[in-house]
Amino acid sequence: MKKVTVYTTPTCGWCHRVKAYLTEKGVSFEEKDVSRDREAAMEMIQKTNQMGVPVLDIGGAMIVGFDKERINYFLGV
């Protein structure tokens with residue numbers, strides 16, 4: 001299984017949906033709250049040039065937003 005990291009904030013509705021979707025699919029992931037973790041926020045911005053969340057890092061493939069098709073593709077489901 002590929003390493004999955006989800007960059008989130010507590011108030012982001014789409015972040016909650018992404019995490020619920022990954023959990024439903026049985027995918028383990030590391031969550032990084034960019035509202036509290038400046039280093040994680042800078043890491044996310046450096047990787048994507050984006051400041052919005054959710055952002056997923058699936059084995060090095062970056063996905064901005066809750067894009068089920070791309071998530072499934074990179075997870076191989």
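Reader: What covers the buried residues of H3?

Author: In this predicted model, the cover includes S1, H1, S3 and strand S4 (61-64).

Reader: And which residues of H3 are the buried ones?

Author: They are Ile71, Asn72 and Leu75.

Reader: What makes you say they line one face of the helix?

Author: Look down the axis of H3: the buried residues fall within an arc of 95°, so they sit along one face.

Reader: Why is Tyr73 called exposed?

Author: Its relative accessible area is 61%, and the cut-off for exposed is over 50%, so Tyr73 counts as exposed.

Reader: Where does the chain go just after H3, in terms of phi?

Author: Gly76 comes there, with a positive phi of about 75°.

Reader: How many residues does the largest nonpolar core have?

Author: It has 11, among them Val4, Val18, Leu56, Ile71 and Leu75. Strand S1 (4-8), helix H1 (13-24), strand S3 (55-58) and helix H3 (68-75) each supply at least two of this core's residues. H1 gives the most, with 3 residues. There's also a second, separate core of 7 residues, which includes Tyr7, Ala40, Ala41 and Met44.

Reader: What makes S2 and S4 edge strands?

Author: Start with the sheet: it is open, has 4 strands in the order S2-S1-S3-S4, and its pairing is mixed. Strand S2 (30-33) and S4 each have a single partner strand, so one side of each has no neighbour in the sheet. From one strand to the next, the twist averages 20°.

Reader: How do you know that S1 and S2 pair?

Author: Pairing needs at least two bridges, and 4 bridges join S1 to S2, which run parallel. In S2, Asp33 is the bridge partner of Thr8. As for helices, H1 packs on the sheet and touches S1, S2 and S3, with its direction at about 160° to that of S1. H3 packs on the sheet too, touching S1, S3 and S4, and its direction makes about 165° with that of S4.

Reader: Back to Thr8: why is it called buried?

Author: Its relative accessible area is 0%, and buried means under 20%, so Thr8 passes. Setting aside neighbours within four places in sequence, Thr8 has contacts including Cys15, Lys19, Asp33 and Val53.

Reader: How many aromatic pairs does the structure hold?

Author: It holds 3.

Reader: Why is the pair of Trp14 and Phe66 described by that "tilted" label?

Author: The ring centres are 6.1 Å apart and the planes are at 55°. Stacked needs under 30 degrees and edge-to-face over 60, so 55° leaves tilted. Trp14 is in helix H1 and Phe66 in the loop between S4 and H3, so the pair ties together parts 52 residues apart in sequence.

Reader: Is Phe66 buried, exposed or partly exposed, and what makes it that?

Author: Its relative accessibility is 23%, which lies between the 20% and 50% cut-offs, so Phe66 counts as partly exposed.

Terms used. Residues are numbered from 1 along each chain as its sequence is written. This is a predicted model: local features need pLDDT of at least 70, side-chain atom pairs count only at pLDDT 80 or more; totals for chains, interfaces and linings use all residues. Side-chain values use heavy atoms; hydrogens and water are left out. A nonpolar core is a set of buried Ala, Val, Leu, Ile, Met, Phe, Trp, Tyr and Cys residues joined through side-chain atoms within 4.5 Å. Buried means under 20% relative accessible area, exposed over 50%, partly exposed in between (1.4 Å probe, protein chains only). The arc is that of the directions from the helix axis to the C-beta atoms. Contact means heavy atoms within 4.5 Å. Axes are lines fitted to C-alpha atoms, for helices over the stretch in contact, and angles run from 0 to 180 degrees between N-to-C directions. Rings of Phe, Tyr and Trp (its six-membered ring) pair if their centres lie within 6.5 Å; planes under 30 degrees apart count as stacked, over 60 as edge-to-face and the rest as tilted.
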